[in-house]
Amino acid sequence: MQYCSICLNSIKNEEEDIKKTKCNHLFHNECISRWLKIKSSCPLCRKFLINSYNINLYLDNNNYENIKLIINPTHIKFILSPQLIYCISFKNIKRLHYKDNHLTIYYFNNKQDVQLELTNNENTFQIFENISGKIKELL
């Protein structure tokens with residue numbers, strides 16, 4: 001018999017509300033949904049499960065609202081519009097700063113120091129945690 005490691009109750013095979021993660025762990029759908037609202041990784045193996053967020057971005061003196069941020073294994077992708085996609089390699093990130101629900105990414109681009117400011121009321125800390133984890137994986 002398998003158990004949900006979040007609520008510690010048994011998982012029955014005939015239950016319809018079971019969620020299998022990318023890392024092949026089973027949880028009750030309600031349990032993992034609540035978990036992923038506060039964490040972006042698997043409760044068992046800590047593998048990142050969320051890699052896409054809607055954020056607000058301040059870049060080059062412009063504000064972009066409700067854009068898609070995608071965290072890939074080697075880079076971060078910001079989809080500003082279907083025609084405008086902005087990518088940052090993790091290797092170019094110099095520093096991350098998180099304070100008061102704002103995440104600032106300092107990075108090097110074309111021989112210049114650049115900074116991005118991200119805000120998102122719900123997921124900013126998860127984004128910070130996810131990006132930090134990906135950078136640590138590359139080191």
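Modeller: Two strands count as paired if DSSP finds at least two bridges between them. Keep that in mind for this predicted model, where the bridge partner of Ile93 in S10 is Tyr107.

Biologist: OK, what makes S9 and S10 a pair?

Modeller: Six bridges join strand S9 (residues 93-99) to strand S10 (residues 102-109). The cut-off is at least two, so S9 and S10, with six bridges, pass as a pair. They run antiparallel and form a hairpin with two residues between them. In that turn, Asp100 has a positive phi of about 50°.

Biologist: What joins S6 to S7?

Modeller: Four bridges, with the strands running antiparallel. At least two are needed, so S6 and S7 are a pair as well. Ile70 stands opposite Lys77 in S7, and this hairpin has three residues between its strands.

Biologist: Asn72 has its place in the loop between strand S6 (62-71) and strand S7 (75-81). Why is Asn72 called buried?

Modeller: Its relative accessible area is 18%. Buried means under 20%, so Asn72 gets the label. Leaving aside neighbours within four places in sequence, Asn72 is in contact with Lys77, Phe90 and Lys134.

Biologist: Now Gln2, in strand S1 (residues 2-3). Why is Gln2 called partly exposed?

Modeller: Gln2 has a relative accessible area of 43%. Buried stops under 20% and exposed starts over 50%, so Gln2 lands in between. Apart from neighbours within four places in sequence, Gln2 is in contact with Asn9, Ser10, Ile11 and Leu26. The C-alpha atoms of Gln2 and Leu69, 67 residues apart along the chain, are separated by 35 Å.

Biologist: What makes Cys23 and Cys42 buried?

Modeller: Cys23 has a relative accessible area of 16%, and Cys42 has 0%. The limit is under 20%, so Cys23 qualifies, and so does Cys42.

Biologist: Zooming out, how many helices and strands are there?

Modeller: Two helices and eleven strands, in the order β-β-β-β-α-β-β-β-β-β-β-β-α from the N terminus. The C-alpha atoms fill a box of roughly 55 × 30 × 30 Å along the principal axes.

Biologist: How many of the residues count as buried?

Modeller: 37% of the 139 residues. The chain exposes about 9000 Å², and carbon and sulfur atoms supply 47% of that.

Biologist: Where do the charges sit on average, and how far apart are those positions?

Modeller: The mean positions of the 18 positive and 13 negative charges are 8 Å apart.

Key:
Residues numbered from 1 in each chain as written. Predicted model: local features only at pLDDT ≥ 70, side-chain atom pairs only at ≥ 80, totals over all residues. Heavy atoms only, no water. Buried < 20%, exposed > 50% of the residue type's maximum accessible area, 1.4 Å probe, protein only. Contact = heavy atoms within 4.5 Å. Areas by Shrake-Rupley, 256 points an atom, 1.4 Å probe, with all protein chains shown as cover. Lys, Arg positive; Asp, Glu negative; His and termini not counted. Charge placed at Lys NZ, Arg CZ, Asp CG, Glu CD.
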